Amino acid sequence: MNGQTPHRPAPATQDRLFALLAELGIDTTTHRHRPVFTVEESRDLRGLMPGAHCKSLFLKDKKSVLWLVVALENRKLDLKALSAIIGSARLSFASPDRLMEYLGVIPGSVTPFALINDRERHVRVILDADIIAAEIANFHPLSNDATTAIPPGELLRFISHCGHEPQIVDLSGAGESAI
């Protein structure tokens with residue numbers, strides 16, 4: 001290969017994501033808004049949008065295992081406690097470069113929908129059990145200028161279609177430090 005790295009496909013676009021959801025027969029509702037980068041900005045912007053509002057953390061452990069942890073937006077997570085709960089080595093945030101390489105999104109846009117880009121299944125997926133218990137869950141659709149509402153059972157079907165088997169975990173005891 002003359003010293004070059006193998007070509008990685010371009011990350012999926014929102015159009016490709018929505019087309020895949022339609023192909024799978026998954027009904028979603030998407031609300032467009034200005035870009036938001038924090039839970040607080042999202043909370044201020046969304047008004048009365050129903051459903052569980054979520055945050056997604058892209059982490060790596062000290063053994064370089066990659067983790068996508070998806071929790072309720074108000075869930076307090078301590079990385080040390082989280083590590084014990086999910087059975088990982090010590091956790092830290094993965095770099096923006098790694099985020100783009102494996103999930104095809106930028107910081108502020110981390111979402112379980114980005115698993116569409118993890119074709120080689122490098123990322124382990126953790127879902128907060130309280131999200132699965134909700135009627136509707138809300139996530140960015142690959143960018144932080146929109147929010148897509150999806151029934152949790154359909155989210156599980158999407159994740160499975162992407163080749164991942166999420167671990168559903170009670171994250172209510174994952175710590176006191178807010179992340």
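Glu 154 and Arg 157 form a salt bridge, with N and O 2.9 Å apart; the term means a side-chain nitrogen of Lys or Arg within 4 Å of a carboxyl oxygen of Asp or Glu. Both residues lie in helix α6, 3 residues apart, about one turn of the helix. Helices (H or I, at least four residues) and strands (E, at least two) are DSSP runs, numbered from the N terminus. Glu 154 is partly exposed at 22% relative accessible area, and Arg 157 is partly exposed at 34%. Buried means under 20%, exposed over 50%, partly exposed in between (1.4 Å probe, protein chains only).

This is a predicted model, in which local features need pLDDT of at least 70 and side-chain atom pairs pLDDT 80 or more, while totals for chains, interfaces and linings use all residues. Residues are numbered from 1 along each chain as its sequence is written, and side-chain values use heavy atoms, without hydrogens and water.

The whole structure has 4 salt bridges. One of them joins Arg 75 and Asp 130 at 2.6 Å, N to O. Arg 75 lies in the loop between β3 and α3, and Asp 130 in helix α5, so the pair ties together parts 55 residues apart in sequence. Arg 75 is buried, at 12%. Arg 75, Asp 128 and Asp 130 are linked in a network of salt bridges.

The largest nonpolar core has 35 residues. Such a core is a set of buried Ala, Val, Leu, Ile, Met, Phe, Trp, Tyr and Cys residues joined through side-chain atoms within 4.5 Å. Strand β3 gives the largest share, 4 residues.
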